[in-house]
Amino acid sequence: MRLAPMAKRLSELINQPVFTTTDCIGDDVDKAVANLKSGEILLLENARFHKEEEKNVPEFAQKLAKNADIYVNDAFGTAHRAHASTEGVAKYVPYKVAGFLLEKELKFLKGAVDNPVRPFAAIVGGAKVSTKITVIKSLIEKCDKIFIGGGMIFTFYRALGYKVGKSIVEEEFIPLAKELIELAKAKGVKFYLPTDVVIADEFKADANSKTVPVTAIPDGWSGLDIGEDSLKEFKKELSDCKTVVWNGPMGVFEFEKFSKGTFGVAHTLAEITEKGGITIVGGGDSVAAIGAAKLENKISHISTGGGASLELLEGLELPGVAVLDNA
């Protein structure tokens, strides 16, 4: 993506010209930088047009750093990637610091991981357990309660020996799902799976639907949301929690029929915030649900990074953060 439109919008927001270049390195960039007067702003072209960017080639990173004395990283959403513009360049700049947004992300997410106010709960949803296994395993080591929703619940149900109709299941992860249930039990962590689900005969907004116990999903039907009883249980068990992290929807909330679980959880977090609790939401779909419910101002922190927030919750070191001074 070319950055000229961003320069135009930035200029409107700050009410001053924003100069641009057609590249992020090279003689033309050097000349443009040399011609800048005090207070003027130059937006370099997108580094992604160079294959060396994602490969984090040192020579390319050095060229990016050539005209800089201070490097500020405020892009939390890419801080988990060791690219030239997120990690490599900082090695060749005298001063490298976190921006205000990155600082806020670290404060909330690292605080939740390293020193949460308890009881500490995590709500993990989404379609596939494969993308969340490592974070669930890590959260079991840190949380008092874990709530599971979304399409991944059916892999857990298979691990428990239930029939799930034609619901989404990752067969190869059934043993790992069983391990997570057993690990939570061994650690004394309360591990909540929905007790009922809203099922449909087709994957579409106007499909025939009904709510059934998780032990009674008929052949030919798919689970697309957690049921009303499950939502009530989740709300009750979350009510005493002081820190709650949520990543991943409870169902196919884009379809109104199957949105009650996700929006119910969103409103529950808003209630926890109002009572003085700390609520953190990450992941594109969860953030979108908060927006759709118009609850942005009732959540303590809405993370701008999907993959980055998950890795931080796992306790992993983010390359784009590790390279900074005192981040």
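Helices (H or I, at least four residues) and strands (E, at least two) are DSSP runs, numbered from the N terminus. The model is predicted, so local features need pLDDT of at least 70 and side-chain atom pairs count only at pLDDT 80 or more, while totals for chains, interfaces and linings use all residues. Residues are numbered from 1 along each chain as its sequence is written, and side-chain values use heavy atoms, with hydrogens and water left out.

The secondary structure of the protein chain amounts to 14 helices and 13 strands. Its C-alpha trace spans about 70 × 40 × 40 Å along the principal axes. Of the 327 residues in the protein chain, 48% are buried, where buried means under 20% relative accessible area, exposed over 50%, and partly exposed in between (1.4 Å probe, protein chains only). Contact means heavy atoms within 4.5 Å; among contacts between residues at least 6 apart in sequence, 69% join residues at least 24 apart. The protein chain exposes about 16,300 Å², of which carbon and sulfur atoms supply 52%. Accessible areas come from the Shrake-Rupley method with a 1.4 Å probe, and for residues only the protein chains shown count as cover. The mean positions of the 40 positive and 45 negative charges lie 3 Å apart. Lys and Arg count as positive and Asp and Glu as negative, with His and the chain ends not counted; the place of a charge is taken as NZ of Lys, CZ of Arg, CG of Asp or CD of Glu.

Strands of a sheet pair through backbone hydrogen bonds, either parallel or antiparallel. Two strands are taken to pair if DSSP finds at least two bridges between them. An open sheet of 6 strands has the order E7-E6-E5-E11-E12-E13, with parallel pairing. Its edge strands are E7 and E13, each of which pairs on one side only. Helix H10 packs on this sheet, touching E5, E6, E7 and E11, and its direction makes about 160° with that of E6. Axes are lines fitted to C-alpha atoms, for helices over the stretch in contact, and angles run from 0 to 180 degrees between N-to-C directions. Within the sheet, strand E11 (residues 243–247) and strand E12 (residues 278–282) run parallel and are joined by 5 bridges. Valine 244 stands opposite threonine 279 in E12.

An open sheet of 3 strands has the order E9-E8-E10, with antiparallel pairing. Strand E9 (209–213) and strand E10 (222–226) form the edges, each pairing on one side only. From one strand to the next, the twist averages 40°. Strand E8 (residues 196–200) pairs with E10 in the antiparallel sense over 4 bridges, and isoleucine 199 stands opposite glycine 223 in E10. Helix H10 (residues 228–238) lies across E8 and E10 and runs at about 35° to E10. Serine 230 is placed in helix H10 and is buried, with a relative accessible area of 0%. Apart from neighbours within four places in sequence, serine 230 is in contact with Pro194, Thr195 and Asp196.

Helix H7 (residues 133–140) has 6 of its 8 residues buried, so it is largely enclosed by the rest of the structure. The buried residues of H7 are Ile133, Val135, Ile136, Ser138, Leu139 and Ile140. They pack against strands E5 (120–124), E6 (145–148) and E7 (190–192), and against helices H8 (153–159), H9 (174–187) and H13 (306–313). Alanine 186 lies in helix H9 and is exposed, with a relative accessible area of 69%. The C-alpha atoms of alanine 186 and isoleucine 140 are separated by 10.0 Å, the two residues being 46 residues apart along the chain.

Arginine 118 and proline 119 are joined by a cis peptide bond, with omega about 5°; proline 119 lies in the loop between helix H6 (100–114) and E5. Asparagine 15, a residue other than glycine, has a positive phi near 60°. Asparagine 15 is found in the loop between helix H1 (4–14) and strand E1 (18–20), and is exposed at a relative accessible area of 71%. Lysine 294 also has a positive phi, of about 60°, although it is not a glycine. Lysine 294 is placed in the loop between helix H12 (284–292) and strand E13 (301–302), and counts as exposed at 69% relative accessibility.
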